[in-house]
Amino acid sequence: HHQTMIQSLPKTIGLEVRSVVLLDSLRKQRNVIDYSGDMVSQGMADEAVQQAGQLLQQVENWLQANKAELLP
């Protein structure tokens, strides 16, 4: 169900499609690693952290503009 949540972001918070593609790619890579037992590369970990930070900022911006009452 994570794929569905990621793919809904353009409709919910207006996330750019290229960001959705990148997030979904990272999700797929993580799933392969979960099942294969391979190690996560430092580059992949860094990219995932960077993308998560950007997504968090976009969600916070969207909330501030559209649903400020939900923010603390």
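Q: Buried means under 20% relative accessible area, exposed over 50%, partly exposed in between (1.4 Å probe, protein chains only). With that, which residues of α3 are buried?
A: M44, Q51 and L63 are the buried residues of α3.

Q: What kind of model is it, and how is it numbered?
A: The model is predicted, so to speak of local features takes pLDDT of at least 70 and side-chain atom pairs count only at pLDDT 80 or more, while totals for chains, interfaces and linings use all residues. Residues are numbered from 1 along each chain as its sequence is written, and side-chain values use heavy atoms, with hydrogens and water left out.

Q: Back to α3. What covers its buried residues?
A: The cover over the buried residues of α3 includes α2.

Q: What does the C-alpha trace span?
A: About 40 × 20 × 20 Å along its principal axes.

Q: How many residues are in the chain, and what share is buried?
A: The chain has 72 residues, and 19% of them count as buried.

Q: What share of the contacts comes from residues 24 or more positions apart?
A: Among contacts in the chain with a separation of 6 or more, such residues account for 41%.

Q: Why does V59 count as partly exposed?
A: Because its relative accessibility is 28%.

Q: What does α3 reach from end to end?
A: α3 has 25 residues and reaches 36 Å from its first C-alpha to its last. That is close to the 36 Å expected at 1.5 Å a residue, where the expected span is 1.5 Å times one less than the number of residues.

Q: And the span of α2?
A: The 20 residues of α2 should span 28 Å at 1.5 Å a residue, and the end C-alpha atoms of α2 are 28 Å apart, so the two values agree.

Q: What comes just after α2?
A: G37, which takes a positive phi of about 80°.

Q: Which residues of α2 are buried?
A: S19, V20, L23, D24, L26, R27 and I33. What covers these buried residues includes α1 and α3.

Q: Let's take D24. Which helix is it in, and what is its relative accessible area?
A: D24 lies in helix α2. Its relative accessible area is 8%, so D24 is buried.

Q: What does the side chain of D24 make a polar contact with?
A: The partner is the side chain of R27, at 2.7 Å. A polar contact is a pair of N or O atoms within 3.5 Å; within protein, one must be able to donate a hydrogen and the other to accept it, and residues adjacent in sequence count only if both atoms are side-chain atoms.

Q: Which residues does D24 touch, not counting those up to four places away in sequence?
A: D24 touches Q3, I6 and Q7 on that count.

Definitions and conventions: Helix = DSSP H or I, 4+ residues; strand = E, 2+ residues; numbered from the N terminus. Contact = heavy atoms within 4.5 Å.
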